[in-house]
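Thanks for coming, everyone. I'll keep this brisk. Please look at the sequence and the structure first.

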Amino acid sequence: EVQLVQSGGGLVQPGGSLRLSCAASGFTLDDYVIGWFRQAPGKEREDVSCMDISSGTKYDFPSGEGRFTMSSDNAKNTVFLQMAQLRPEDTADYYCVAAATKVPGSPCPSLDAVDYWGKGTRVTVST
């Protein structure tokens with residue numbers, strides 16, 4: 001089955017870390033640009049990070065404030081979002097997407113032309 005399989009969410013205390021995974025099945029991530037975004041209950045979607053897998057170029061949006069790092073393991077056909085110094089306001093559902101079409105001049109997927117969506121993983125930052 002062609003899909004993005006997400007894992008790694010959960011409950012973490014403030015100041016803690018989590019690593020989210022997004023594994024591609026049935027297609028090769030090299031051919032796509034990958035984005036992470038999040039959506040908290042009752043709030044607008046917020047872009048987090050994106051990467052052009054073939055070039056390795058990436059961009060971290062201000063939402064992470066330098067605490068989030070995106071990486072890829074091409075051998076595992078998987079991308080990761082390493083999150084550190086987590087805060088309660090980071091609580092949200094986190095999604096990865098893959099698109100063959102990127103926003104011009106950026107390593108980010110065009111959300112109007114997403115090819116594959118992950119199902120999302122919930123991150124809860126709380127004591």
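R38 has a relative accessibility of 6%, so R38 counts as buried. Buried means under 20% relative accessible area, exposed means over 50%, and partly exposed is in between, with a 1.4 Å probe and protein chains only.

A word on the source. This is a predicted model, where local features need pLDDT of at least 70, side-chain atom pairs count only at pLDDT 80 or more, and totals for chains, interfaces and linings use all residues. Residues are numbered from 1 along each chain as its sequence is written, and side-chain values use heavy atoms, with hydrogens and water left out.

Which residues pair with R38 in salt bridges? Take E46: R38 forms a salt bridge with E46, and the closest N and O atoms are 2.8 Å apart. By salt bridge I mean a side-chain nitrogen of Lys or Arg within 4 Å of a carboxyl oxygen of Asp or Glu. E46 is partly exposed, because its relative accessibility is 34%.

Now D90. D90 forms a salt bridge with R38 too, with the closest N and O atoms 2.9 Å apart. This pair links distant parts of the chain: D90 is in the loop between β8 (78-83) and β9, R38 is in strand β4, and they are 52 residues apart. Both D90 and R38 are buried.

On to the strands. Strands here are DSSP runs of E, at least two residues, and helices are runs of H or I, at least four residues, numbered from the N terminus. β4 covers residues 33-39, and six of its seven residues are buried. Two strands pair if DSSP finds at least two bridges between them.

What does β4 pair with? β5, residues 46-52, pairs with β4 in the antiparallel sense over six bridges. There, R38 stands opposite E46. The two strands form a hairpin with six residues between them, and G42 in the turn has a positive phi of about 75°. β9, residues 92-99, also pairs with β4 in the antiparallel sense, over seven bridges. W36 stands opposite C96 in β9.

One more contact. K102 and D52 meet in a salt bridge, 2.8 Å from N to O. K102 lies in the loop between β9 and β10 (116-117) and D52 in strand β5, so the pair ties together parts 50 residues apart in sequence. K102 is partly exposed at 38% relative accessible area, whereas D52 is buried at 8%.

How many salt bridges does the whole structure hold? The search finds six.
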